[in-house]
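Subject: Structure for you to look at

Hi,

Here is the structure I promised to pass on.

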Amino acid sequence: MLPTKSPQPEYRTLEDIRQRKDELLDQMQADNQQFTTLWNELFVKRESNSRGDYIAGLVANSVTIIDMFLLYRKLKKSYGGFFKIFSKKR
């Protein structure tokens, strides 16, 4: 969603400018606090990883790697000319 432009208020005195500056500073601090909270929630350490969870992660990553390799082979077989761009010319 695109931000909408609000009409700019007219500032007639230095006090109006200072007041607007304080309002913007408060708004920036609130936005910074919200951003910091969301950022910290994104990188939460997992507690109590068991050995089973570790092995399940390894298996899931292995299956993903095998799936990527098979997809690469299938695409290379179907679109072989495209992949010649990446190979070295001799």
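Below is what I found in it.

First, the ground rules. This is a predicted model, so local features need pLDDT of at least 70 and side-chain atom pairs count only at pLDDT 80 or more, while totals for chains, interfaces and linings use all residues. Residues are numbered from 1 along each chain as its sequence is written, and side-chain values use heavy atoms, with hydrogens and water left out.

On confidence, the protein averages a pLDDT (the predictor's confidence in each residue, from 0 to 100) of 84, and 83% of the residues score at least 70. Helix H1 (residues 14-42) has the highest confidence, at a mean of 92, and helix H3 (residues 80-83) the lowest, at 69.

The fold has three helices and zero strands, in the order α-α-α along the sequence. Helices (H or I, at least four residues) and strands (E, at least two) are DSSP runs, numbered from the N terminus. Of the 90 residues, 1% are buried; buried means under 20% relative accessible area, exposed over 50%, and partly exposed in between (1.4 Å probe, protein chains only).

Now the aromatics. There is one aromatic pair (ring centres within 6.5 Å, using the six-membered ring of Trp; planes under 30 degrees apart count as stacked, over 60 as edge-to-face and the rest as tilted) in the structure. Phe-35 and Trp-39 form this pair, which is stacked, with 6.1 Å centre to centre and 25° between the planes. The two sit four residues apart in helix H1, about one turn of the helix. Phe-35 is exposed, at 52% relative accessible area, and Trp-39 is partly exposed, at 46%.

What about charges: how many salt bridges does the structure hold? It holds two, where a salt bridge is a side-chain nitrogen of Lys or Arg within 4 Å of a carboxyl oxygen of Asp or Glu.

- Glu-10 and Arg-12 meet at 3.2 Å, N to O. Glu-10 is exposed at 60% relative accessibility, and Arg-12 is exposed at 68%.
- Arg-20 and Glu-23 meet at 3.6 Å, N to O. They are three residues apart in helix H1, so about one helical turn separates them. Arg-20 is partly exposed at 31%, as is Glu-23 at 41%.

One more residue to look at is Ile-55, which lies in helix H2 (residues 51-78) and is partly exposed, with a relative accessible area of 43%.

Cheers
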